[in-house]
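Reader: I am new to this structure and would be grateful for a close look at its charged side chains. Please then follow them to the place where two chains meet.

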Protein chains: 4
Amino acid sequence: MAYYEDTLDRIHEECGLFGIYKHGADDNQLVARTYMGLMALQHRGQEACGIAVGRNREIFYHKDVGLVEEVFRDEVISKFSGNMAVGHVRYSTAGNKKTKENAQPLVLNYAKGQLAICHNGNIVNADILRKEYEQNGAIYQTTTDTEIIAYTIARQRIGAGSIENAVFRAMKILRGSYSLVIMSPNKMVVARDPYGLRPLCYGIKEDGSYVFASESCALDAVDAEYIREVRPGEVIVVEDGMMREITDHCGIEPSRLCIFEFIYFARPDSTIHGQLVNDSRRNTGKVLAKKHPVDADIVIAVPDSGVPSAMGYAEESGIPFVEGFGKNRYAGRTFIRPDQLSREQAVRLKLNPLKKYIEGKKIVVVDDSIVRGTTTGIIVKMLRQAGALEVHVRISSPPFLYPCYYGTDVPNFDQLISHRHNVDGVCKVIGADTLAYLDLEDLPLIAPDARDTGFCTACFSGNYPVL
Amino acid sequence: MAYYEDTLDRIHEECGLFGIYKHGADDNQLVARTYMGLMALQHRGQEACGIAVGRNREIFYHKDVGLVEEVFRDEVISKFSGNMAVGHVRYSTAGNKKTKENAQPLVLNYAKGQLAICHNGNIVNADILRKEYEQNGAIYQTTTDTEIIAYTIARQRIGAGSIENAVFRAMKILRGSYSLVIMSPNKMVVARDPYGLRPLCYGIKEDGSYVFASESCALDAVDAEYIREVRPGEVIVVEDGMMREITDHCGIEPSRLCIFEFIYFARPDSTIHGQLVNDSRRNTGKVLAKKHPVDADIVIAVPDSGVPSAMGYAEESGIPFVEGFGKNRYAGRTFIRPDQLSREQAVRLKLNPLKKYIEGKKIVVVDDSIVRGTTTGIIVKMLRQAGALEVHVRISSPPFLYPCYYGTDVPNFDQLISHRHNVDGVCKVIGADTLAYLDLEDLPLIAPDARDTGFCTACFSGNYPVL
Amino acid sequence: MAYYEDTLDRIHEECGLFGIYKHGADDNQLVARTYMGLMALQHRGQEACGIAVGRNREIFYHKDVGLVEEVFRDEVISKFSGNMAVGHVRYSTAGNKKTKENAQPLVLNYAKGQLAICHNGNIVNADILRKEYEQNGAIYQTTTDTEIIAYTIARQRIGAGSIENAVFRAMKILRGSYSLVIMSPNKMVVARDPYGLRPLCYGIKEDGSYVFASESCALDAVDAEYIREVRPGEVIVVEDGMMREITDHCGIEPSRLCIFEFIYFARPDSTIHGQLVNDSRRNTGKVLAKKHPVDADIVIAVPDSGVPSAMGYAEESGIPFVEGFGKNRYAGRTFIRPDQLSREQAVRLKLNPLKKYIEGKKIVVVDDSIVRGTTTGIIVKMLRQAGALEVHVRISSPPFLYPCYYGTDVPNFDQLISHRHNVDGVCKVIGADTLAYLDLEDLPLIAPDARDTGFCTACFSGNYPVL
Amino acid sequence: MAYYEDTLDRIHEECGLFGIYKHGADDNQLVARTYMGLMALQHRGQEACGIAVGRNREIFYHKDVGLVEEVFRDEVISKFSGNMAVGHVRYSTAGNKKTKENAQPLVLNYAKGQLAICHNGNIVNADILRKEYEQNGAIYQTTTDTEIIAYTIARQRIGAGSIENAVFRAMKILRGSYSLVIMSPNKMVVARDPYGLRPLCYGIKEDGSYVFASESCALDAVDAEYIREVRPGEVIVVEDGMMREITDHCGIEPSRLCIFEFIYFARPDSTIHGQLVNDSRRNTGKVLAKKHPVDADIVIAVPDSGVPSAMGYAEESGIPFVEGFGKNRYAGRTFIRPDQLSREQAVRLKLNPLKKYIEGKKIVVVDDSIVRGTTTGIIVKMLRQAGALEVHVRISSPPFLYPCYYGTDVPNFDQLISHRHNVDGVCKVIGADTLAYLDLEDLPLIAPDARDTGFCTACFSGNYPVL
C-alpha cells in the first residue's frame with residue numbers, strides 16, 4: 001500500500017533498545033527520557049514502538065504501531081512515572097507482521113510476577129523451541145521470536161533463584177543474535193548474545209541513573225556518559241541502585257559484531273566498540289579510492305548515508321566532493337499506492353540531481369549498498385539525464401550474496417542482484433560506466449578503532465558464526 | 001474519566017458470543033453476518049469487540065476497544081472472507097481491564113495450529129490453574145481467564161486426538177461458568193458449562209449455515225431459525241459441514257441458568273430455554289402487583305428495562321400505565337468528567353420526568369434492581385420535585401445480597417445498599433413512601449415456559465451451585 | 001456509504017439550538033451546560049455540532065462532524081469558559097453537505113466585531129439574496145443559508161445602532177422559517193420568524209442564567225425553569241445581565257408552528273406552546289381509534305416514536321397494547337455499505353418481532369408516518385412471517401403530499417409513496433389488510449393545550465404560509 | 001504545546017504553491033502529481049495543506065491541518081480527478097492560527113461561480129481593505145489575508161469581463177507581496193506582485209500540461225521542464241489548453257525578490273531567477289571566508305541548512321570541512337510539552353556533536369542565521385562540552401534588525417538578539433570566541449547568476465520596497 005524508506009532500496013536493522021534505571025523515588029521524567037532515547041534510536045525501526053515503566057513493583061506500558069512522536073504524545077508521557085523504564089523501536093520485514101500485537105516491550109505475567117522484554121536480534125532455533133514448548137501446552141499470541149525468549153526465561157525461572165540466573169540459563173538454550181533489555185518489577189536485567197552480534201552499550205547519568213541503549217547516540221540524547229559496550233555474553237543486573245555483572249564466561253567466543261552497523265545501520269554520531277561510526281564510513285571511501293580509483297571530475301553521494309563515504313573518497317582521491325542531489329527530507333513515508341506513484345517517481349521525489357554540477361562532468365557516485373539494484377539503476381539514469389558524461393558507481397560494502405539470520409532483512413537470493421549477476425553484470429544492469437565494491441578483505445580496515453572486535457560478515461562472505 | 005451506561009446503576013453481563021459456520025466455498029457475507037449478530041448482542045457488552053474468520057485453514061482477526069459500529073467499518077468488513085467466523089462483545093468491570101489486549105476472540109497458536117476462543121462466564125479456579133501452569137513455564141499476556149481456558153485446552157490437546165476431545169477434557173478441569181465458541185482452522189467447537197450458567201443457543205439458516213449465539217435475538221438478526229439451547233455440559237462440533245454433539249454426560253448436573261438473564265441482561269425479544277424474556281419481565285410485574293399492591297393513581301417505569309415489568313404491574317393491578325419519563329437515547333456514553341457533570345446531572349440527562357402526568361399523583365415506579373441505591377434515590381427525588389404525592393418503588397428482582405462469581409459485576413458487599421440496610425432502611429435512604437422487591441420464593445414464577453430449567457439465584461439467595 | 005437513522009424511513013428536523021447567558025464573571029461550567037443542552041437536543045440533528053463561547057469580548061468555538069459525545073470530550077470542554085455560550089446540533093439532507101465547513105455556530109468577523117450564529121429553519125429567498133449580495137462582491141465559503149442570514153445581518157448592521165436592530169431589520173428581508181440564537185461578544189440576541197414555524201423557548205436558572213432552547217427538554221437538562229415560548233416574530237436581547245424584548249410587532253401574523261413537531265420531531269417530554277408532546281401523540285392514537293377502528297386482538301407500535309400513539313389507540317379502543325417489537329438501541333448508525341447489508345436486513349437489525357405475541361393474532365400496528373413506504377412494507381412482511389393473521393396499519397399523521405420549504409427533509413414528489421398512490425394503493429404496496437391515516441381535519445385535535453397557536457400543515461395540506 | 005522545527009530557531013517562509021493544468025479529458029493522475037509537487041514544497045510549510053481540483057466546471061477540495069503525507073492518503077487521492085488542480089502548503093506564525101479554517105486553497109462561491117485561491121505572501125493593506133469591505137457588509141470566516149484577496153477579486157469581478165481582468169484590477173488595489181495560483185472552474189490564473197517579492201515559476205510537461213510552482217524543485221518532482229520565472233507583476237491565464245500572458249506593465253517596478261530565499265528558505269536544488277540555490281549558499285561561505293577569516297583546524301556546519309555555506313568556507317579557506325554534528329532526522333516534531341523537554345534537550349535531540357572530531361580543535365561553525373540567539377548559545381556550549389578549544393561562529397546572512405512585512409515570521413524587535421546587542425554583544429551572549437556575519441554590502445555577491453534581479457533585504461537593511 002505504501003512506499004516507505006525502502007524507496008532507496010536499503011536493508012534494515014530490526015530494532016532499537018533503551019533502558020533506564022534510577023534508584024529511589026518515582027521520577028516523572030523517566031518516561032520523557034525514554035522517549036528521548038527512543039527518538040535517538042528511531043532510525044533503527046519506524047514501524048512500532050513502546051515503553052514500559054516499573055513503579056511500586058508493578059509494570060505499566062503503552063505501545064502501538066507508529067513513530068515515537070506519533071505513539072507518545074504528552075498526555076501519554078505524563079500519565080506514567082516510575083523508577084525504571086524500558087523502550088523499544090521496531091522494524092519488521094514482513095508486511096503482515098505490522099501489528100500492535102507484535103510491538104515491544106512484550107509485557108507478561110509468569111510464575112514470579114511481571115516482565116517487560118525488549119529484544120533486538122533473531123533467535124535461529126526459535127521454531128525448534130516453539131515446538132518443544134507447544135508440546136508442553138504453550139500458546140502463542142504473537143508471531144515474534146521474542147515470545148520464545150519470554151517462554152525460555154519463564155521456564156528457566158522455575159528452578160533458578162533469580163531472574164538473572166533464569167536469563168543466564170536461557171542464554172544457553174537460545175541460539176542466534178540477541179541484545180536484551182528486561183525489566184522485572186524490581187530489577188533491570190540486560191544481556192547480549194555470546195558473539196555480540198547486535199550492539200548494546202551502557203552509560204551513567206550525573207544523577208546516578210544507569211542507561212542502556214543499542215547505540216551511544218541514545219546515551220548522548222539523555223545526557224548520560226558512555227561507559228562501555230555490554231560485553232558479548234555478558235549479563236548485567238541493576239537492583240537496589242547497584243549494578244552487578246555476570247562476565248566470567250565472556251570472551252569464550254570471539255566477538256562477531258555485525259559489520260553492517262558501521263556501513264549503514266548505526267547513526268554516524270554513535271561510537272560502537274570504540275569506533276566512531278562516521279569515521280568507519282569515511283574509511284570505506286578512502287579504501288575505495290585507493291583500491292578502485294577513477295579519473296573523474298567530481299565525487300557525489302547518494303544522501304544521506306553515502307555522504308561520509310563519498311567525502312572519504314574525495315579526500316583520498318583529491319577529486320572534489322560536490323552535493324550532487326537535493327534531498328527531500330519529508331519524502332520518508334508516502335501513503336499512496338504504487339499505481340499512483342511509480343518507483344521512479346518515488347525516487348525522484350526523494351532525490352533531485354543538481355543539474356548545474358553534473359552536466360558535462362565525469363562523476364563518481366558513492367552509495368552504501370546495492371540490494372535489488374532497481375534504485376541504483378534509476379539513480380544512474382537520473383544522472384545521465386542531468387548531463388553526466390560518465391557515471392562511476394562506488395559501493396561502500398561488498399556485494400550482498402548470502403541471507404542474514406541475525407535480525408536484518410537482507411532479502412532472498414533471488415532478489416539480490418549480486419546473486420544473479422557478477423560485478424560486470426550488475427554494472428550493465430544499472431547502466432554505469434564502472435562499478436566497484438568495497439573488497440571483502442578490506443572490511444577489517446574500516447573499523448580500526450574497534451580493537452579486539454571480530455565481525456560478522458556473513459551476508460557478504462557466507463562465513464556464519466557457529467551457533 | 002467518563003460516565004457510562006452505569007449512570008442508571010445497573011449490573012452488567014460480561015459478554016456476548018456469536019459463531020457462524022457455512023460449508024463450502026468462502027463467503028464474503030460471513031463477516032457481515034457476524035457483524036449483524038454482534039450488533040444484536042451489543043447490549044451484552046459495549047467495551048470491546050472482535051471477529052475472527054477462518055479461511056484456507058488460517059485464522060484472521062480484527063478486534064479493538066469500542067462499539068461494534070465503531071470497530072467494524074465497511075473497509076474492515078470487506079477485507080475478510082471465509083467459511084467460518086466467530087465474534088465477541090465484551091464488557092469488563094474493572095477500569096484498567098479496558099484494553100485492546102483483553103478484547104476477544106483470543107487468537108493463538110499452539111501445538112496443533114491456530115485457535116480463536118470466545119468466552120462468556122467466569123472461571124473460578126483460574127488463579128489455581130494459573131499458578132499451576134506458571135510452574136510449567138506459562139506466560140500470560142492478558143489479564144483474562146480466557147487465557148487460562150486457552151492454556152487448559154492447549155495442554156489437554158497434547159494427548160487428545162482432537163480439539164473437541166481437548167475441550168471435553170478441559171471442561172473437567174475448568175470450574176465456573178463458561179459458554180464457549182471456539183474456532184480451529186477447520187472446525188467450530190461450542191461448549192457450555194455443566195450447569196448452563198450462561199446462555200447459548202443455536203440455529204440454522206436456509207443455506208445450511210450453523211449459527212451459535214448467546215441469545216436468540218442474534219439468530220433473528222441473521223435470519224437463522226432457532227433450533228434449541230446448547231445443553232448444559234454439551235460439546236458441539238461442526239466440521240466438514242456436519243454437526244456432532246457430545247451429550248452422553250449432559251443432565252448429570254441440574255441446570256442453573258442465571259435468573260438475572262430474564263430480569264435484566266437478555267433482550268426482551270430473546271427466547272431462552274423456551275421462555276420469552278419480555279414475558280418473564282411482565283410476569284415480575286404481575287407477581288409484584290399481587291404480593292405488593294398499593295393504592296396509586298398511575299404506574300410508571302424507569303425506562304427502558306423497567307417498562308415490561310411496569311406494564312405487567314399495571315395489567316394485574318388495573319392501575320393505568322403511563323410514560324413517566326422521557327428518555328434521552330443519546331445519553332449513553334458521555335466523555336466528560338465527574339467534576340463537569342455530577343451523577344444527578346447525568347441521571348437527569350438520561351431521564352426527564354413528565355411533570356404533567358406526575359404532578360399531584362400517587363405513583364408506583366417500577367425498576368429492575370437496586371444496586372448501590374444512589375440512582376434510585378435521585379429518581380425518587382426527581383419524581384417528588386415533579387409533584388408526585390406519593391412514590392412507591394417496586395423492584396422486579398430480590399435484593400442483591402451476595403457477590404456473583406459467574407461472570408457479572410455485582411459489586412462488593414460494602415457497595416450493595418441491601419447489604420447495609422434492610423428493606424425499610426433502603427426505603428428511607430432512597431426517600432420512597434414504600435418499597436417492595438420481588439420475593440425470592442417467587443423467582444421460579446417468572447419463567448414458567450422454561451420448563452425443566454433450574455436457576456442460579458446466588459446473588460439473591462447465597463445458594464451457589466457446587467462446582 | 002452508510003445506513004443511518006433513516007433505516008426507519010423518517011423525515012428529519014434540521015437543527016437544534018441552545019444558548020445560555022450568565023451575568024458576571026466567567027463560569028467554567030457554561031460549556032458543560034451547553035453540552036448537556038445539546039445532548040438533550042441530539043434527536044434534532046446527529047450530523048454535526050458545535051459550541052461557541054464568549055469571554056472577555058472574544059468568541060471561541062469548536063465544531064465538527066459527529067455526535068455531541070464524539071465532538072466534545074472533556075479536554076475540549078475544560079478548555080473553554082465564558083459568560084455566554086451558544087450551541088447547535090445539525091442534520092442535513094444532502095449527503096455532500098456533511099462537512100465541517102457547514103457545521104454551526106457560524107462564527108464570523110464583520111464590521112462590528114465577532115458574531116456566532118445558530119439557525120434552525122430554512123430561508124426561502126436565500127438564492128435571491130445570495131445573488132444580490134454577490135453583485136456587491138460577497139463570497140461564500142459554505143453551502144448553507146445561515147451564511148445568507150449572516151450577510152443580511154452584517155449589511156443591516158452598518159446603519160443600525162445595535163446588533164438587535166440589525167437582526168430586526170434583517171427579519172424584514174429574510175423570508176422563510178428561522179429560529180435564531182446569536183451571540184456577539186457582549187450580547188445574546190434571539191429571534192423567531194413571524195410565523196413561529198420552528199420552535200424556540202426560554203427559561204431561567206436559579207443562578208439567574210437565561211437559557212434558550214429549541215425544546216423545553218433542554219431546559220430541564222440544565223435545571224432551568226421554563227418561562228415561555230419566544231413569540232413568533234419576537235427579538236430578545238440579553239445584555240449586562242438584563243433581558244429586553246422587542247415584541248410590538250408580534251402577533252401580526254397568525255402563528256404557524258410546524259405540526260410535525262408534535263407528531264414526530266420533538267421529544268415526548270418537551271412542552272411546546274403549552275402542549276406536552278407525549279400527550280399530543282397519545283391524542284393521535286385516540287383520534288385514530290375513533291375514526292378508524294378495527295376489530296383486532298392487540299395494538300403494537302413501531303418503536304420508539306409510535307409507542308405513545310399506539311398506547312392512545314389501545315386506551316381508546318380497549319384493545320390491549322403489547323410490545324410487538326424488540327428494538328436494538330445500538331443499531332443507530334451502521335457504517336457498512338448497502339451491498340453488505342440490505343435495507344431489509346437493516347430494518348431487521350433494528351426491529352425484531354416478538355413472535356409469541358404476534359402469532360395467530362389480528363394486529364393493529366401504529367407508526368407515525370409513511371414516507372417512501374419501503375420500510376412499512378418490510379414491517380408488514382415481518383409481522384406476517386411472525387404469524388400475524390391480519391395486519392392493520394394506522395398512521396398518526398396524514399399522508400405526505402407536498403414538499404416542505406421550512407427546514408425538514410420531506411423528499412421530492414416522486415419519492416413520496418402517497419403522491420404516487422392513494423390510500424388503497426399504498427395499502428396494497430405495503431401489503432397491509434387495512435391502512436388508515438390521521439385525517440387532515442383532525443390535526444387541530446392533537447394539540448388542545450397549545451391554545452391560540454396555529455399550525456403549518458403544508459406538507460399534508462399544501463396550505464403554505466404566505467411569506 | 002510542542003516544539004516544532006523552530007527548535008533550531010529559524011525564521012520561516014509562510015507558504016508553497018502548486019498548480020497544474022492539463023488540457024482535455026479528466027486525468028486521475030492530476031491529484032497524485034499535485035501531491036508530489038506539494039511534497040517537494042513541504043519545506044515551505046508544515047502546518048496545513050490542501051488540494052482543489054476542477055472537473056466538469058466544478059471545484060472539489062480537501063484540506064486539513066498536517067503534513068502532505070498525513071492529509072493525503074491514497075483513499076483521498078483516488079477520490080478526485082479533473083483537468084486542473086491547485087495545491088498549497090502552509091506555515092503560520094501565530095499559534096492560534098493553526099486551524100483547518102485557515103488552510104488553503106480558499107475555495108469560495110461568488111457572483112461568477114467558484115474560485116480556489118492559493119496565496120504566498122502578505123497583503124500589507126489588508127486591514128484597510130478589511131474595514132472598507134466590512135462597511136459594505138462583508139463577513140470573514142478566517143483570519144487570513146487570503147480572504148481579503150478573495151473579496152478584492154470578487155468585487156473587481158463584477159465589472160470586469162473575465163476573472164483575469166478581475167485579478168489584474170485587484171493587483172492595483174492589493175499592496176504587499178503575493179504570488180497567486182487561482183483556479184476558476186475553467187481557467188487557471190497565476191499572478192505575482194509587481195516587485196516579485198515571493199518566488200513563482202512555471203514549466204511544461206511532455207504531455208503539454210502547464211505546471212506552476214513556488215520553486216523549480218516541484219517542477220522536477222513532476223518531471224516538468226522549467227521554462228521561466230513568472231515575471232514580477234505578470235498575470236498568466238491558462239484556458240482551453242492555451243496560455244496567455246499579461247505583461248505589458250511588467251518591469252515598471254524593479255524586482256525585489258526576497259534574498260532570504262537564497263540563504264535559507266528555498267531548497268538547495270531549486271533554481272530561482274537563474275541562480276542555483278545551493279551555489280548561492282556556497283557563495284555565502286566563500287565570502288565569509290574572505291571577509292572574516294580565522295585560524296582554525298576544522299570547519300563544521302549546523303545541519304542541514306548550514307552545510308553548503310560551511311563547504312564554501314572550507315573551500316575558500318582551505319580549512320577542512322568535517323561533519324561536526326550527527327543529526328536526528330526524526331526529531332522534527334515532538335509532541336511533548338516544554339516542561340517535559342527543555343529547549344536544550346530538544347536541541348540535543350536534534351544535534352549531537354561528534355566529540356572525536358571536535359575535541360582539542362579550533363572550530364569554525366557555520367549557520368545561516370541567528371534569530372533569538374538561544375539555540376546558537378546552546379550549540380556553542382555543546383561544542384565546548386565536546387572539547388572544542390575555540391569556537392568561531394560564522395553566519396551566512398547579515399543580522400536581523402527589522403521586521404518583515406512580506407510573508408515571513410521574522411519576530412518583533414524585542415525578540416531579535418541583534419536588535420538588543422551589537423555583534424560583540426551577541427558574541428558574548430552566545431559564548432563564542434569570535435562571531436561574524438555576512439556583510440550587508442556583500443549580499444549581491446551571493447546570487448551572481450540571478451542577473452537583472454533586484455532583492456528585498458529589508459529585514460537586514462530596513463530598506464523596504466515602496467508599495
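**Salt bridges and one interface**

Author: Both Arg33(B) and Asp27(B) are buried (under 20% relative accessible area; exposed is over 50% and partly exposed in between, with a 1.4 Å probe on protein chains only). This is a predicted model, in which local features need pLDDT of at least 70 and side-chain atom pairs pLDDT 80 or more, while totals for chains, interfaces and linings use all residues; side-chain values rest on heavy atoms, without hydrogens or water. Residues are numbered from 1 along each chain as its sequence is written, with chains lettered from A and ligands numbered from 1 in the order in which they are written.

Arg33(B) and Asp27(B) are joined by a salt bridge, with 3.6 Å between the closest N and O atoms (the term requires a side-chain nitrogen of Lys or Arg within 4 Å of a carboxyl oxygen of Asp or Glu). Over all chains, the structure holds 112 salt bridges.

Another salt bridge pairs Glu132(B) with Arg155(B), at 3.9 Å from N to O. Glu132(B) belongs to helix α4 (residues 126-134) and Arg155(B) to helix α5 (residues 146-157) of chain B, so the pair ties together parts 23 residues apart in sequence. Helices (H or I, at least four residues) and strands (E, at least two) are DSSP runs, numbered from the N terminus. Glu132(B) is partly exposed, with 41% relative accessibility, and Arg155(B) is partly exposed at 21%.

In chain B, Arg384(B) and Asp433(B) also form a salt bridge, at 2.9 Å from N to O. Because Arg384(B) lies in helix α13 (residues 374-385) and Asp433(B) in the loop between α15 (423-430) and β22 (434-437), this pair ties together parts 49 residues apart in sequence. Arg384(B) is partly exposed at 31% relative accessible area, as is Asp433(B) at 37%. In chain A, salt bridges with shared partners link Lys22(A), Asp27(A), Arg33(A) and Asp207(A) into one network.

We now turn to the place where chains meet.

Contact here means heavy atoms within 4.5 Å. It takes 56 residues from chain A and 55 residues from chain D. Together these chains bury about 5,100 Å², 51% of it on carbon and sulfur atoms; this is the accessible area (1.4 Å probe) lost on being put together, summed over both parts. Across this interface there are 6 salt bridges; Lys356(A) and Asp279(D) also meet in a salt bridge, at 2.2 Å from N to O.

Several elements of chain A, including α9 (277-291) and α10 (307-317), each supply at least two residues to the side that touches chain D. The largest share of that side, 5 residues, comes from α1(A). Its residues divide into 24 nonpolar, 12 polar and 20 charged, where Ala, Val, Leu, Ile, Met, Phe, Trp, Tyr, Cys and Pro count as nonpolar, Asp, Glu, Lys and Arg as charged, and the others, Gly among them, as polar.

Technical notes:
Buried area = accessible area lost by both parts, 1.4 Å probe.
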